[in-house]
Amino acid sequence: MATEESPRRRISSPDKSGRSSSTSLMENLLGLLRIRVKRGVNLAVRDVRSSDPYVVIKMNRQKLKTRVIKKDVNPEWNEDLTLSVTDPNHPIQLTVYDHDTFSKDDKMGDAEFEIKSYIDALRMNLSGLPSGTVVSRIQPSRQNCLSEESCITWTEGKMIQDLCLRLRNVECGEVEIQLQWIDLPGSKGL
């Protein structure tokens, strides 16, 4: 005797198109963007003589943060944060905060950066290039937060972009980051 499957056994609920929501996420996912937050340079002082900085990265509804470095305006995080990318046209926001124990954390500046040029370089499929080849250069301008030229480089079989971001809405400070792409099996891909 055949029985109908109980609705409670369904793993994921369908979206408006009738597909399951978990399938839709993978269909829209291009891949993962690993952001290595390297270090802060000459960050603003927000406590008595120093600051306890950490970085928050936001893209769409994703929000990731580094650990707090105590009493250091030139912190070395060398920490990897990974975002799921569905639309490369969305800018990424980076904000530096000073951790305070008994009050609200102080903002120490922010920056915004685009990944469109980086994604365009990835789509070129340049796997035969010698390691260290500069694929593209992005110049600092009023439209971006770059403090110096940013190079997209083919390095050891991977496309890498190094950025030095000048923080806005603060008296001083820069944050150095590096972008690296991770292809995800089962995702839409580039």
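Is Tyr-97 buried, partly exposed or exposed? At 22% relative accessibility, Tyr-97 counts as partly exposed. The legends below describe a predicted model.

View 1. The protein has 190 residues, and 39% of them count as buried. Its accessible surface comes to about 11500 Å², with 47% of that belonging to carbon and sulfur atoms. Among the contacts with a separation of 6 or more, 57% are between residues 24 or more positions apart.

**View 2. Four strands form an open antiparallel sheet.** The order of the strands is E3-E2-E5-E6. Strand E3 (62-65) and strand E6 (106-113) are the edge strands, and each of them pairs on one side only. From one strand to the next, the twist averages 20 degrees. In general, strands of a sheet pair through backbone hydrogen bonds, in either a parallel or an antiparallel way.

**View 3. Strands E5 and E6 pair in the antiparallel sense.** Strand E5 covers residues 92-98, and six bridges join this strand to E6. Within this pairing, Leu-94 stands opposite Ala-111 in E6.

**View 4. One aromatic pair is found in a search of the whole structure.** The pair consists of Tyr-54 and Tyr-97, whose ring centres are 5.6 Å apart. Their planes lie at 20 degrees, so the pair counts as stacked; the cut-off for stacking is under 30 degrees. Tyr-54 belongs to strand E2 (residues 53-59) and Tyr-97 to strand E5, so that the pair links parts of the chain 43 residues apart. Tyr-54 is buried, with a relative accessible area of 8%, whereas Tyr-97 is partly exposed at 22%. The ring of Tyr-54 also has a charged group over it: the charged end of Lys-65 sits 5.0 Å from the ring centre.

**View 5. Ser-150 is a buried residue in a strand.** The strand that holds Ser-150 is E8. The relative accessible area of Ser-150 is 0%, so this residue counts as buried; the limit for buried is under 20%. Leaving out residues up to four places away in sequence, Ser-150 touches Ser-136, Arg-137, Ile-138, Gln-161, Asp-162 and Leu-163.

**View 6. Pro-140 lies in the loop between strands E7 and E8.** Strand E7 spans residues 133-138. Pro-140 is partly exposed, at 37% relative accessibility. Beyond the residues up to four places away in sequence, Pro-140 touches Leu-146, Ser-147, Glu-148 and Glu-149. The C-alpha atoms of Pro-140 and Leu-165 are 9.4 Å apart in space, and the two residues are 25 apart in sequence.

View 7. Glu-156 is exposed, with a relative accessible area of 70%. Asn-169 is not a glycine either, and its phi is positive at about 60 degrees. The place of Asn-169 is in the loop between E9 and strand E10 (174-182). Asn-169 has 67% relative accessibility, so this residue counts as exposed; the limit for exposed is over 50%.

Terms used:
Residues numbered from 1 in each chain as written. Predicted model: local features only at pLDDT ≥ 70, side-chain atom pairs only at ≥ 80, totals over all residues. Heavy atoms only, no water. Buried < 20%, exposed > 50% of the residue type's maximum accessible area, 1.4 Å probe, protein only. Helix = DSSP H or I, 4+ residues; strand = E, 2+ residues; numbered from the N terminus. Contact = heavy atoms within 4.5 Å. Pairing = 2+ DSSP bridges. Axes fitted to C-alpha atoms, helices over the stretch in contact; angles between N-to-C directions. Areas by Shrake-Rupley, 256 points an atom, 1.4 Å probe, with all protein chains shown as cover. Phe/Tyr/Trp six-rings, centres within 6.5 Å; stacked < 30°, edge-to-face > 60°. Lys NZ or Arg CZ within 6 Å of the ring centre and 35° of its normal.
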